[in-house]
Structure formats: C-alpha cells, structure tokens
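The sequence and structure come first, and the notes follow.

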Amino acid sequence: MGRQAIVSDAGEFLGGGGEIMRWILGALVMSLLAGNLAVDHARANDPEIPAITQSMQQFVADKEIAGAVTLVVGPDSVKHASVVGMADVAKETPLQRDTLFWIASMTKPITGACVLMMQDEDKLSVDDPIAKHLPAMKGLKLADGTPANITIRHLMTHTSGMSELPRESAYTEPTLEAAAERYAELPVMFEPGSEWRYSQTGINTAARIVEVVSGMTFDRFVEERICQPLGMTDTTFYLSPEQHQRLTKTYRVVDRDGNKPKHLEEATIGVLSGGTAMNRNRFPAANGGLFSTADDYAKFSQMLLRGGRVGDRQLLSQSAVEQMRTVCTGDLKTGFTPGNGWAIGCCVIREPQGVTKALTPGTFGHGGAHGTQVWIDPEKEVAMILMVQRANFPNADASKVRQAFGEALMQAL
C-alpha cells in the first residue's frame with residue numbers, strides 16, 4: 001500500500017480531521033517508511049567475507065544444502081552477512097535475509113536465559129531440587145527405587161538422567177504442564193550429575209518451572225521478557241500467516257534414488273507432529289520449538305556479547321551470562337563432538353578440534369538438528385550465526401558446513 005492510500009484510509013477512519021491531521025499522518029508514514037528504507041540500506045551496505053560466501057555457494061552447488069544465511073556480528077555491529085541458495089528449490093524461490101528457519105536446539109540458550117532471569121529475580125536457584133517447584137517430580141526414582149535428586153542445573157546441563165518420551169508422541173501435548181505430568185512418570189536412567197546424556201525432557205521441565213515461578217506460559221515469557229526488549233519480531237513458537245510465507249522449506253539429501261543422481265527432497269519438522277508451524281495446539285517446546293531469522297538471533301547473541309545489556313537496561317545479569325559460558329559439568333564427556341563441556345543451556349568449547357578446531361577456547365553456543373548454529377566468542381567479541389535447513393546431516397554438530405563457516409571466519413579475523 002502506498003503512502004497516499006495509507007494516509008487517505010487513516011483520514012477516513014479518524015473522521016476527516018482536516019488537512020492538519022492528514023499532514024501529521026503523512027509525516028508519520030513517511031517517517032516509518034524512511035525507517036524501513038534505512039534498515040534496507042544498512043543491510044545492503046553490510047560487509048561480506050567472500051570466503052564464507054564462496055564456501056556456502058559450493059555446498060549449494062554440491063547439493064549438500066539448499067541455501068544458507070550467514071551472519072557475523074560484534075557487540076554493536078555487523079562484520080559479515082550473505083545469503084545464498086533457495087528457500088524453495090522446486091519453485092526456485094531464493095532465500096532472503098528475513099527468511100525464517102526452524103532453529104531447533106538453538107532454542108536452548110534462550111531457555112537458559114529465561115531460567116537465569118528468574119534466578120536474577122530470586123524466584124529460583126539453578127541448584128533448587130526440581131520437586132521444590134514441581135511437586136509431581138517428587139516420585140522420580142532410579143531403577144533401584146532410590147529417589148532421584150534432580151536440580152534445575154542438572155536439567156539445563158543434560159545431567160539429570162531423565163528419560164525421553166516415545167518420538168511419535170513427544171510433542172503431542174497442548175501444554176508444558178501436560179507434558180511435564182508425563183515426564184514425571186518416566187524412570188531416571190542414572191544418578192543425577194554422574195553422566196551426560198542429551199535430554200529434551202529435562203529442558204522442557206526447566207521451562208515448566210519458569211512457567212510456575214513467573215505465572216506466565218513459556219511462549220508468553222519468551223515473547224515479553226526476551227523478544228520484545230531485544231526487538232526480535234520474527235522469533236516465535238507459533239508463526240503468523242505472514243511469517244509462514246517466509247518460512248524456508250526443509251530438505252534432506254538423497255545420494256541416489258534409482259537412476260536419479262544426488263538431489264534434495266522435502267522433509268518434515270518433527271516438533272510439529274504433522275501440523276503446520278502456525279498450529280498453536282502444541283506446547284511451546286523449550287528444547288527446540290522456536291523459529292527465527294539470522295538477524296533476530298544476532299540480537300540475542302549481541303546481548304550476551306555485551307554482558308546482558310540492551311541499551312541502558314541490564315536484561316540479564318553479568319553473573320547470569322557467565323553461567324551460560326562457564327563449564328559446570330566437570331570432566332564428564334559431553335556433546336556430539338569432542339572437546340566440549342556444558343554450561344547453563346549452552347555448549348562450551350574447551351579444546352578446539354575437528355569441526356571446532358579453528359574456534360577459540362571458551363566460545364559458547366548451540367546448534368540445531370537441521371544444521372543451524374550459533375557460536376559466541378567472548379575473546380574475539382564476535383557471534384557467528386548459520387541458518388540452513390537440512391534434515392539428515394550424519395551429525396549436524398559435526399557438519400562440514402559449520403566447519404567451513406568457522407574456518408573462513410577465523411582466517412578473515
């Protein structure tokens with residue numbers, strides 16, 4: 001809709017308040033449009049590291065991925081941005097900077113921040129036993145009948161021992177409360193704190209505790225306490241129709257199909273249980289249910305690079321940020337790649353090797369099942385965000401796409 005049409009419609013709605021009202025409305029609209037143009041202009045002038053773009057283009061050409069959005073930011077600046085490939089291969093629809101992706105387990109650092117916000121407000125401690133906030137969890141036991149003394153820290157570092165629900169029914173409950181009731185009936189696999197085993201139920205249980213102590217549903221908490229202060233307008237568990245139009249397709253790689261060579265075919269998103277990303281009749285999966293854009297997630301990452309600060313507001317305390325980047329799993333073997341430890345909601349690189357060999361010790365972040373990744377490097381003061389959507393990486397955490405991104409960035413720096 002053009003400026004004149006907006007002004008005309010607004011004038012009629014307000015009862016034809018004369019030329020002064022139309023002038024005010026016109027100035028307001030032009031200001032808003034100028035703001036949008038300023039954003040577009042800034043994006044057009046964002047720097048690019050050619051080696052990153054070229055590596056992503058090669059993965060697209062090799063049919064390893066359909067496309068990629070790569071973004072590197074400092075605390076208050078953009079260091080690199082590029083977009084390559086397709087959002088819809090069949091329709092030849094190119095990816096855009098504002099294309100939405102299912103970020104899967106990149107949701108977990110946001111969940112960690114939510115838990116720590118409640119700790120900042122003295123509504124919980126990460127060392128609280130979970131039964132303090134969820135009485136139904138008092139019945140959790142080990143195989144020998146011993147009570148399982150699980151803390152919130154155990155939940156957020158995958159050391160709780162909590163079991164998983166069957167894959168086909170893991171995301172069918174309408175609320176986190178209902179999901180947590182099912183979790184309370186599952187056996188505990190090992191003494192909490194004695195092992196590391198990735199636990200989706202543990203992260204969702206922590207989110208349920210956030211609901212209880214805050215009095216808000218988890219999706220509302222994320223929206224009001226994280227997204228709104230940071231201006232993350234495209235980060236949500238439930239897409240609007242307009243956002244759904246900008247959601248990229250998900251693909252899996254098929255090496256050979258009869259006489260057909262290596263190609264990409266559409267795949268599904270497990271947390272949707274066969275529904276669409278707009279369906280609200282499912283609980284907000286704190287373990288991996290968010291959709292977002294590269295620029296939105298960069299805002300969250302920049303907040304952490306600034307020690308929890310947003311403008312003149314301390315959104316998250318500096319001590320809370322430290323807990324998101326400080327290993328608290330001791331010498332336990334953790335993660336899907338070697339050399340890592342675990343902090344609250346985040347993986348931390350202790351000894352760079354393999355896929356992380358080019359990165360700095362102390363870098364922290366999280367990947368997603370379909371290949372997305374954020375790494376935040378406090379020493380070099382950069383965050384790198386990778387948005388891709390491939391369902392069947394042999395090991396998404398060890399993908400060559402992530403490794404190439406990190407190596408190209410570090411060589412450039």
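Arginine 208 is found in helix H7; helices (H or I, at least four residues) and strands (E, at least two) are DSSP runs, numbered from the N terminus. With a relative accessibility of 16%, arginine 208 counts as buried. Buried means under 20% relative accessible area, exposed over 50%, and partly exposed in between (1.4 Å probe, protein chains only). Apart from neighbours within four places in sequence, arginine 208 is in contact with Leu134, Leu176, Glu177 and Ala180, where contact means heavy atoms within 4.5 Å.

Helix H6 spans residues 176–183, and its buried residues are Leu176, Ala178, Ala179, Ala180 and Tyr183. These buried residues of H6 pack against H7 and helix H8 (218–230).

## Basis and overall make-up

This is a predicted model, in which local features need pLDDT of at least 70 and side-chain atom pairs count only at pLDDT 80 or more, while totals for chains, interfaces and linings use all residues. Residues are numbered from 1 along each chain as its sequence is written, and side-chain values use heavy atoms, with hydrogens and water left out.

The protein has 12 helices and 14 strands. Of its 413 residues, 54% are buried. Among contacts between residues at least 6 apart in sequence, 64% join residues at least 24 apart.

## Pockets

Pockets and cavities are found on a 1 Å grid over the protein atoms alone: a cavity is a set of points where a 1.4 Å probe fits but cannot get out, and a pocket is an open set with protein on both sides within 12 Å along at least five of seven lines. Lining residues have an atom within 4 Å of a point. Grid points are joined across faces, edges and corners, and a volume is the space filled by probe spheres set on the points.

The largest pocket has a volume of about 960 Å³. Its lining consists of 41 residues, with Arg167, Tyr171, Tyr198, Gln200 and Ala369 nearest the centre. At least two lining residues come from each of helix H7 (200–214), strand S10 (340–342), strand S12 (364–367) and strand S13 (373–377). The lining divides into 16 nonpolar, 19 polar and 6 charged residues; Ala, Val, Leu, Ile, Met, Phe, Trp, Tyr, Cys and Pro count as nonpolar, Asp, Glu, Lys and Arg as charged, and the others, Gly among them, as polar. Domain 1 (48–115 + 217–411) and domain 2 (123–214) each give at least three residues to this lining, with domain bounds taken from an automatic or database domain assignment.

The second largest pocket holds about 580 Å³ of space. It is lined by 25 residues, and His244, Leu247, Thr248, Lys249 and Thr250 are the closest to its centre. Strand S2 (78–88), strand S3 (93–94) and helix H9 (241–245) are the elements that give two or more residues to this lining. By class, the lining of the second largest pocket has 7 nonpolar, 12 polar and 6 charged residues.

## Cavity

The structure holds 1 cavity of 30 Å³ or more. About 40 Å³ of space lies in the largest cavity. Its lining is made up of Ala66, Gly67, Met86, Leu95, Phe101, Thr248, Lys249, Tyr251, Val388 and Gln389, which divide into 6 nonpolar, 3 polar and 1 charged.

## Cysteines

How many disulfides does a search of the whole structure find? The search finds 0, a disulfide being a pair of cysteine sulfur atoms within 2.5 Å. The closest cysteine sulfur to that of cysteine 114 is in cysteine 227, 8.5 Å away, which is too far for a bond. Cysteine 114 is buried, at 0% relative accessibility, whereas cysteine 328 is partly exposed at 28%.

## Loop residues and chain approaches

Serine 273 is found in the loop between strand S6 (263–266) and strand S7 (291–292). Its phi is near 50 degrees, a positive value in a residue other than glycine, and its relative accessible area of 41% makes serine 273 partly exposed. Glutamate 381 is placed in the loop between S13 and strand S14 (382–387). Phi of glutamate 381 is near 55 degrees, also positive in a residue other than glycine, and glutamate 381 is partly exposed at 44%.

Glycine 145 is in the loop between helix H4 (107–120) and helix H5 (152–156), and is partly exposed with a relative accessible area of 36%. Its C-alpha atom is separated by 9.6 Å from that of proline 187, 42 residues apart along the chain. Serine 55, in helix H3 (residues 50–61), is buried at 16% relative accessibility.
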